[in-house]
Amino acid sequence: MSLLFSPYQLGRLTLPNRIVIAPMCQYSAEDGNASDWHVLHFGRMALSGAGLFIIEAAAVEPVGRISPRDIGLWSDANEAALGRALQAARAYSRMPIGIQLAHAGRKASTAVPWEGGRALTPQQGGWQVVAPSPLPFDPQDAAPLALDEAGIERVVAAFAQAARRAERLGLDLIELHAAHGYLLHEFLSPLSNQRSDAYGGTLENRMRLLLRVFDAVRAQVAPDFPVGVRISATDWVEGGWNVAQSIELTRRLHARGSAYVHVSSAGLSPQQQIPVGPGYQVALAQQVRAATGAPTIAVGLITEAQQAETILASGQADLIGVARAILYDPHWPWHAAVALGAQVQAPPQYWRALPHGVKNLFVQ
């Protein structure tokens, strides 16, 4: 039996296979509210045959949005709009659906990618961004406001409140976004965190905010409700966050009951030097998994079925994250199942879609 298409348990959640649709921002919300685009997008992903769909980064407060078009989960209106999109997807799919909770920190207040992605001024609809220290992501940008103690407490409370909303919506899983140069990652990395208080300096102090947020979220949901964390295992910059620190962080998270770590990399500094190639982040997941025993999701240019199968068979990861590949090919899991002689779930409306010679692909 294919490992990629074998079940996997995360807390109380049983995944039918090990393909995880990684969070991908759609930049299509209004005031944080999921739109008709999300109804279409969620439906497309929910009918893909993957084992788990994690909804894009949802900001826990308005200033935590990457762009003015990000979805959020800070208000009743956000919750209602997201519920509408979820209801449509669930009407035709049993796929587990989770959500990534996030705060963009100093990388907030930017234009959507197809409009350049540059930092927005207040006159352009932007806002004052916050960070651990008054250091902008790009030297050309305005300096962020360093969070004071009250600001840190507000952020922790915002994550906790969003977690309550997520469980109330019936979502199956929460992922905390501590990667790609956003706020929780900014506190972890010595490149962006130059504080001299209890949240800066030593590794212990730099991990403090993420661990507090994890504990606050964990306390808001049922004991067996899966909560995982996405990390950038390395900044790919000398003197920055690295694999050794990621291993120590993962040990702490695993001991606290983290369901998994989703191992990505980079995003914190324009100085990053990334050796991009097929599966370029898989070795990072392997190192974290081997050192900690924590369940891991590997992601990063994993585009072929046999490639994904080999990663699992060799013990490099427990789950496979696909992102851009599934936007390009929303039935990537179908094609992977054909290649590996496995089966996927699909609605009966699609059962007659099989090409000549392909049999028994769909679970019936």
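The following conversation goes through selected features of a predicted model.

Student: What should I know before we start?

Tutor: This is a predicted model, in which local features need pLDDT of at least 70 and side-chain atom pairs count only at pLDDT 80 or more, while totals for chains, interfaces and linings use all residues. Residues are numbered from 1 along each chain as its sequence is written, and side-chain values use heavy atoms, with hydrogens and water left out.

Student: How many salt bridges does the structure hold?

Tutor: The structure holds 16 salt bridges. The term stands for a side-chain nitrogen of Lys or Arg within 4 Å of a carboxyl oxygen of Asp or Glu.

Student: Which residue forms a salt bridge with Glu 61?

Tutor: The partner of Glu 61 is Arg 154, and their closest N and O atoms are 2.7 Å apart. This pair links distant parts of the chain, 93 residues apart: Glu 61 is in the loop between strand S4 (52-59) and helix H2 (76-90), and Arg 154 is in helix H3 (residues 149-168). Helices (H or I, at least four residues) and strands (E, at least two) are DSSP runs, numbered from the N terminus.

Student: Is Glu 61 buried or exposed?

Tutor: Glu 61 counts as buried, at 8% relative accessibility, whereas Arg 154 is partly exposed, with a relative accessible area of 37%. Buried means under 20% relative accessible area, exposed over 50%, and partly exposed in between (1.4 Å probe, protein chains only).

Student: Where does Asp 318 lie, and what does its pair tie together?

Tutor: Asp 318 forms a salt bridge with Arg 289, with 2.9 Å between the closest N and O atoms. Asp 318 lies in the loop between helix H8 (305-313) and strand S12 (319-322) and Arg 289 in helix H7 (residues 282-292), so the pair ties together parts that are 29 residues apart in sequence. Asp 318 counts as buried at 8% relative accessibility, and Arg 289 is partly exposed at 26%.

Student: New topic. Which residues touch the most other members of the largest nonpolar core?

Tutor: That core has 96 residues, and those touching the most other members are Leu 4, Ile 55, Leu 82, Ile 99, Leu 101, Ile 174 and Leu 176. Helix H3 gives the most to this core, with 9 residues. A nonpolar core is a set of buried Ala, Val, Leu, Ile, Met, Phe, Trp, Tyr and Cys residues joined through side-chain atoms within 4.5 Å.

Student: What does Leu 176 touch?

Tutor: Not counting residues up to four places away in sequence, the contacts of Leu 176 (heavy atoms within 4.5 Å) include Leu 101, Phe 159, Val 213 and Phe 214. There is also a second, separate core of 12 residues, which includes Tyr 8, Leu 15, Tyr 260 and Leu 319.

Student: Where is Trp 236?

Tutor: Trp 236 is in the loop between strand S9 (227-232) and helix H6 (243-255). Trp 236 also has a positive phi of about 55°, and is partly exposed, with a relative accessible area of 24%.
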